[in-house]
Every structure is written in C-alpha cells, then in structure tokens.
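Have the sequence and the 3D view open as you read.

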Amino acid sequence: DTAPPLQHLRLAEQRKTSARSLPQPLIEFLGRGGACRLQQVCECSKRAARAAMPQKQKKKGGKSKGKGKTTRETTNDDAPPPSGLPLKTLIAAALVAGAATLFSTTRSCGAPRVVEEGDLRYLVNNGGVIGVQRIGAPEQAVFRGWVVQRTASSLRDKARNALVVGLGGGSVAQYWRNTSLSVHAVEIDGRVAKLAETHFGVTRGTTMVQDGLKFIRKRADDVRRKRGPPYDLLNIDVIDAGDPWGSATWRFLGKSALSASKKALTPQQGLLVFTIVLGSLSDQRSRQYLKVATQRLGAVFPRVRAYRDSPLSEPGATNVVFFASDGGLDDETGINADERAAAAELSGAEPGSEDWVAAMHKSWEVARCDAGTCALLANVSDTFAPDGSAAAPPDKGYSAMVASQLR
C-alpha cells in the first residue's frame, strides 16, 4: 500500500526542530518552481547546499596540492567584486547551507528523515516510506498492512509479550504496548530508532539497536538454555523500500533463520507475523515469489496463512502479511468475501477504516499451508509441498519494478 501523494513537503528536523523553525531561505528555496516531492527530498537538499556555497576563487599562480600544476589566472570577468559578498548574502547562504544539513544526519540520500504533509507525518528511508502517522490521531494505522499485522494479538488473546523486528515508525510496537503486551523492538538503524522516539511517540528506551536476525538467534539460544522467556508474538517487517526483494528480506526467509524464529516463540501457540511486498498477482513473477515464501515458511511451521492488505481485485504492489504457527490461526469462519463484507457492514465499519480492514482481510487470502500441503489463492486443486530450500526466482528487475510501484 502506498501513502497519499505528497503535494508539498515540510521537513521536520531530527534534532527536535519543527518544520516551522526551518530558516526562511531554505523554505523559500524549496518553494521556488513548485514543491519537492517525496522521492526528490534528497536532490532538493543537494541543490540547496550547492546554491548556498560561494564559489571558491583560486589564487593567481597558485599550485594545486601534490600535483605541481599551476591553476588558471582569474580575469576581470570572473574575479569577485573588490568589496566581496555582502554580509547579508553570506549570512543567508550560511543559513541555507546549515538548514540543508537538517534533512539527514549523514550525507547519504538514503538517510532517514521526517516529512510532514497536511495531517500526516512520514518517516522516509532509502527512497520509501517506513513509517507514517496522523498528527492528530497517532494511534491510527495509516497503512492497511499494519492493521493486518496488529490483528495477530487478537489471535492470541493470552499473549503476554512480543518482539517487533524492524521498528519503522513504531505503529505495531506501540499498538501492542497499548494492549498491555510487554514489547521489545529491534531496529538495525539507530537513526530510525531515534526519529521514531522523537517524532512518532515510540516509548523511549524500549528499542534495541542491533541486527534483528542476530537478536532472534540469541533469544532462541537463551530459550533453549532457559536463560530467557520465549515470545508469544514475533513480528518481522524488514522490507528495504529501495530493494524489496534484496537481502534484507531473503536472509530472514532462510531455513535456519525461520527455525531460529520458531525456537524463539512459545511452543505450540507462538505466532510469527512476516511481511513481504509483491507486485500484482497477475504477474507470473509475483506468484513465483509468493510460492517460494510460502514454501519456506510452510517447511518450518505446520500452519501458514498469507493475506494481502487490500482486495484481490486491486492491481499494483501491496503488502502480503504471513501468519505462521504450530497452533490454530482462528480461520474457522472461512474466507467468503461477501459474508465478511456483510458482517463488516452490520458492525458499522466504514469501508477503508481500520475496523473494516480487520474484518475483511481474511477474504484477501493469497496462500496457505496445512500439515504439509500448501496452495496459492485458496486453490486447493493446485497444491504443492513445503520446501525449506526452495530457490529464489531469478530477479531480472522484479525488485526494482516493485519498488517503483511502491513510490
């Protein structure tokens, strides 16, 4: 799912500086010729920095370091005015240059940053949105995928604790904390964790900055040695927006990684929630990727369900959320879309709302496994066996295609 389009950008500085406090020269720069769009934030900051830097003048007859070459002489045409730049101009240029650095804490275009548009606040990283909240109602899940992930706690009403790997803006972690679950969160990028705390209300001091897979393996070993409790819920959402099918996703789908995830969960009733991104299911490559992910999860967990975060009839890239467990997945009511729509209507849920997504998502099922038999799109006549070593399909630009659809 994608966030609403950004028409104008307002940048919230990471160091507790609001969008309104950005120096006016930068605001004016961003406003000239139309606003920058989300994917242009990085380029805008580069242009701002370049515009702010006075051109260096080389001394007549000077030597460049280490090369012994004489630089060209300045002429009357390109020499600076005798009086130099006006003080006001220098101050304005310095403000713009300083403000441009507020876009990120590093020089990398992919560095995380906060963007505000209307009543929405976005956490942007590597060309994509990894967190978003309504400024006036931060508890709401703006993306449907997070609503589907959140429903895991309703499948395990006796759950006491949870682990979230891939914090993003903290939508799932904070929601589960508000249901009285004890939640640990792991985020590999300390800058993301800091922004989530500063701008998205994530409880301070609750996020561990480290590699998520290493943490899972360590917890699995601790559980085995009885040095720590298992988790009742484990949510893995580690999609790289710039490369949705890169190593960030595949490394967690390896057999040993999934086995460690299972060992870190409560026996029988522990529930793994795993999110991937797929292009349109009319694309053969999307179905191949979906099948491999299903095979790998089904090789470790006897019961697997996978749901899109939007109706099957909707085209384009969407999140697909897997639920995997040794125990039940509470799907005895079936996946009939008409019946679910009627039930949602009776409940008063408005189409598109969180309650509506929670009520409808099981009718958006795209894969399942039960006791060694898997199927896609609930097509029980076309089944296949789980396979923990199922090879990844050849990419051939698939990941880039999905990334472009997400933007």
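In which sense do S13 and strand S14 pair, and over how many bridges? They pair in the antiparallel sense over 2 bridges, with S14 covering residues 383–384. Ala375 stands opposite Thr383 in S14.

A word on the ground rules. This is a predicted model, where local features need pLDDT of at least 70, side-chain atom pairs count only at pLDDT 80 or more, and totals for chains, interfaces and linings use all residues. Residues are numbered from 1 along each chain as its sequence is written, and side-chain values use heavy atoms, leaving out hydrogens and water. Helices (H or I, at least four residues) and strands (E, at least two) are DSSP runs, numbered from the N terminus; two strands pair if DSSP finds at least two bridges between them.

**The sheet**

The open sheet has 10 strands with mixed pairing, in the order S7-S6-S5-S8-S9-S11-S10-S12-S13-S14. Its edge strands, S7 (207–209) and S14, each pair on one side only.

| Strands | Sense | Bridges |
|---|---|---|
| S5 (residues 161–165) and S6 (residues 182–187) | parallel | 5 bridges |
| S12 (residues 365–370) and S13 (residues 373–376) | antiparallel | 4 bridges |
| S13 and S14 (residues 383–384) | antiparallel | 2 bridges |

In S6, Ala185 is the bridge partner of Val164. Cys369 has Cys374 in S13 as its bridge partner. S12 and S13 make a hairpin with 2 residues between them, and Ala371 in the turn has a positive phi of about 50°.

**The helix**

Asp283 caps the N-terminal end of H11, with a side-chain oxygen 2.8 Å from the backbone nitrogen of Arg285. Buried residues (under 20% relative accessible area, 1.4 Å probe, protein chains only) of H11 include Tyr289, Leu290 and Val292.

Definitions and conventions. Buried < 20%, exposed > 50% of the residue type's maximum accessible area, 1.4 Å probe, protein only. Polar contact = N/O pair within 3.5 Å; in protein donor to acceptor, adjacent residues only side chain to side chain.
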